[in-house]
Amino acid sequence: MENLIEVKGLHKHFGKLVAVDGIDLTVRRGEVLGFLGPNGAGKSTTMKMITGFLAPTAGSINVCGHDVLSDPIAAKSCIGYLPEGAPAYGEMTPKTFLDFVADIRGLTGQEKATAIGQAVERINLQGVMRQPIETLSKGFKRRVGLAQAILHDPEVLILDEPTDGLDPNQKHEVRSLIKNMAAHKAIVISTHILEEVNAVCSSAIIIAEGRILFSGTPTDLAAHSRYHNAVTLSIDSGISAKVEKTLAALQGVASIETTQSNSSLIQITVIPADKGSIVGMIHQCMRDNDWQIEELFVEPGRLDEVFRTITGGAQPAGKETRT
Amino acid sequence: MSRTMIIFKRELGAYFATPVAFVFIVIFLLLTGVFTFYVGGLYERNQADLEPFFRFHPWLYMLLIPAISMRLWSEERKAGTLELLMTLPITLVEAVIGKYLAAWCFTAIALALTFPVWLTVNYLGDPDNTVIAAGYLGSLLLAGACMAIGSCMSALTKNQVVAFVISFVICFAFNLSGFPIVLDLFSAWAPQAIVDVISSFSFITHFDSILKGVVDIRDIIFFGSLIAFWLYATILAIEAKKSS
C-alpha cells in the first residue's frame, strides 16, 4: 500500500517550549491512525504542521507525494482537515459556507453541486442548511466542520477530535462515517477517548511531551495492559471468599481483584502472571468445585490503564475495592 | 474566479450578513451630512463645490475605518477560522488581499451612497465635476490607506478593542503629521530633512492637493505605496502570530 503521509524528524519549538520533539510517522492508504496523548502532548501541533498551518522548526512532511513546505498548495489540495473545535464562519449558513469551501477547492458547476450534495447527505445536514452556523448546536457545528473536510473527497483526512462534544448517537454516526471512508483514504484522528481507538483505528500512536511513546495496532496496545488475558467472572457473594482463595492459589495467577457488582453478585478479576492464558484452567477449577458462574469473560486489556502507564500518570495500583 | 475574488466575495457578504454594514453606513452618512451642512456650511458658502464635504473625511475615517478593520484578522484568530482558511489551498497573500479589498470595497459602497450631496450641488449650481471626481478618488485612497493600517493592527492582536485604538492613533498621527502638533516634537532636535520627511507623510497634505482637482501621480503613489507597505506588514504579522 502506498504511503500517503510521511513525516520525518518533526520538531516544533515555541520559544523555549518544545512542543514536538522528533516525530516520525507514515500513514498508508486504507489506514486509520489514532493519535492519543494527554492534553498538551503535541497532538494538535503535529496536525497543524501536517496540514501546513504551522511551519515545523525541523523535519520534513510529505502528503500525497507533495512536500508541505515547498509545495503547500498542492499538499493542501489533497488534505481534508477538521481543526480542533470545528471553527466555521458563524454568520454563514452551512449552504453558503460549503459553497465557499467548494469554490476555494476549485470545484465548479455540476461537480460542485454533486460534491456538496454528497457531503451533506453523508453528514445529515439537510435540515439545517439555511440556518446561520452560530445558531446551530455543538453537534451540528462539528458536522458542518466534517462536511467541509470531506467535501472534495480528499485522499488524506485529518480530524482533530472529531467526536468531541457529540452525543453517543452522533459519535456512532461519525465513527461509521470514518470507517466507511477508510478503505480509500489515509485518515488521522486525534482523540482522548480510548474506546474510539478500538472502534475505528487500525493503528495507534501515543505521544506525550512531543515524543512517540507507543506505536502499533490497538490490539498490541491492549496487550501492554496487565489485564491482558485476565479473566473476570461473576459469582454469588456467598461463595466468593472460598472461590477467591482457591483461584489465588492456582498456578499462573498473579493476583485477584474483586468488586461488588450488585447486592448478591461479586465480580472477581483474575490477573495472570506473564499475561498468559488462564481461562481454561479457571473454568476447569470452577467446574471441579461445582461453583455456579453467572458470567465469565477474558479481557483483551484495559486501554485506559495502558494509557496511564505509558504516559506516566500511572496509579500505584489498579482497583482494589474489596468489599 | 480567482481565489482572491472568492475570499473577497465571502468577506463582503459577511458585512451584509450582520448589522455591521447597516450601522456603519447609516452613521457614516449621518456624520458626513452633519459635517457638510452644519460644520462645513455648504449652503452658507454660496459656492457650488464639495470642499466642505470632503474636508472632514480624514477625521471621519480616522474614527470609522478602524471600526471596520478591527475585526479583519483578530476575529479570524479568535474564532479559529484562521486555521481553517490557512489550511485551504490558498496563499496568505491571496487571503490578505481578498479580505482587504472586501473591506475597502465596503467603504467605497458607503462613500458612493453620499451621491445625494453631489446631486444637491449640481441642482443648486454648476460645480466643476472633475474636481468632485478627484475628491472622491482622493477620499477612496485615503480610506484605503486607513484600512491597510487597520488590517495590520488587526493582524497583530486577538483583541478587537486594542486593534481599534491603535489603528485610531496611527491614523490620527498620519493625519496630523503635517501640523505643528507633530512637527514641533521633531523640529527642535531633528535635522530639517527628517522633519520634511515626516511632514510629507501627512494624509491631509496629500488629500488636500487631490481635493483641489490636481490628481498628481505622486499623491497616488504615496497612497498606493502606503497601502502596499501596510498590507505587507499584515502578512508578516499573521505569519509571526500564527503559532501563538
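The following exercises, each with a worked solution, concern a predicted model.

**Exercise 1. Composition and confidence of chain A**

Determine how many helices and strands chain A has, and what share of its residues is buried.

*Solution.* 
Step 1. Chain A holds eleven helices and 14 strands.
Step 2. Of the 323 residues in chain A, 41% are buried.
Step 3. Along the principal axes, the C-alpha atoms of chain A occupy a box of roughly 75 × 45 × 35 Å.
Step 4. Among the contacts in chain A with a separation of 6 or more, 70% join residues 24 or more positions apart.

**Exercise 2. Reading the confidence values**

State the mean pLDDT of chain A, and identify which residues stay under 50.

*Solution.* 
Step 1. The mean pLDDT of chain A is 88, and 96% of the residues of chain A reach 70 or more.
Step 2. Over residues 314–323 of chain A, pLDDT stays under 50.
Step 3. For this stretch the model has eleven contacts beyond four places in sequence.

**Exercise 3. The setting of A:Asn3**

Decide whether A:Asn3 is buried, exposed or partly exposed, and name the residues with which A:Asn3 is in contact beyond four places in sequence.

*Solution.* 
Step 1. A:Asn3 belongs to strand S1 (residues 3–14) of chain A.
Step 2. A residue is buried with 20 or more other C-beta atoms within 10 Å and exposed with 12 or fewer.
Step 3. A:Asn3 has 16 C-beta neighbours inside 10 Å and therefore counts as partly exposed.
Step 4. Apart from neighbours within four places in sequence, A:Asn3 is in contact with A:Thr26 and A:Arg28.
Step 5. From A:Asn3 to A:Thr26 the C-alpha distance is 6.4 Å, while the two are 23 residues apart in sequence.

**Exercise 4. An open sheet in chain A**

Give the strand order of the open sheet of six strands, and explain why one side of S6 and of S10 of chain A is left without a neighbour in the sheet.

*Solution.* 
Step 1. The order is S6-S7-S8-S3-S9-S10 (chain A), and the pairing is mixed.
Step 2. Strand S6 (79–82) and S10 of chain A stand at the edges with a single partner strand each, so one side of each lacks a neighbour in the sheet.
Step 3. On average, neighbouring strands of this sheet are turned by 15° against each other, direction ignored.
Step 4. Within the sheet, strand S3 (residues 32–36) and strand S8 (residues 186–190) of chain A run parallel and are joined by four bridges.
Step 5. A:Phe35 stands opposite A:Ser190 in S8(A).
Step 6. Helix H5 (residues 138–150) of chain A packs on the sheet, where H5 touches S6 and strand S7 (156–160) of chain A. The direction of H5 makes about 170° with that of S6(A).

**Exercise 5. Two domains**

Describe how domain 1 of chain A touches domain 2 of chain A.

*Solution.* 
Step 1. Domain 1 of chain A spans 3–223 and domain 2 spans 231–310.
Step 2. Their centres, taken over C-alpha atoms, are separated by 40 Å.
Step 3. Nine residues of domain 1 are in contact with seven residues of domain 2.
Step 4. On the side of domain 1 that touches domain 2, H8(A) gives the most, with three residues.
Step 5. By class, that side of domain 1 has nine nonpolar, no polar and no charged residues.

Key. Residues numbered from 1 in each chain as written. Chains lettered and ligands numbered in written order. Predicted model: local features only at pLDDT ≥ 70, side-chain atom pairs only at ≥ 80, totals over all residues. Helix = DSSP H or I, 4+ residues; strand = E, 2+ residues; numbered from the N terminus. pLDDT = per-residue confidence, 0-100. Domains from an automatic or database assignment. Nonpolar A, V, L, I, M, F, W, Y, C, P; charged D, E, K, R; others polar. Pairing = 2+ DSSP bridges. Axes fitted to C-alpha atoms, helices over the stretch in contact; angles between N-to-C directions.
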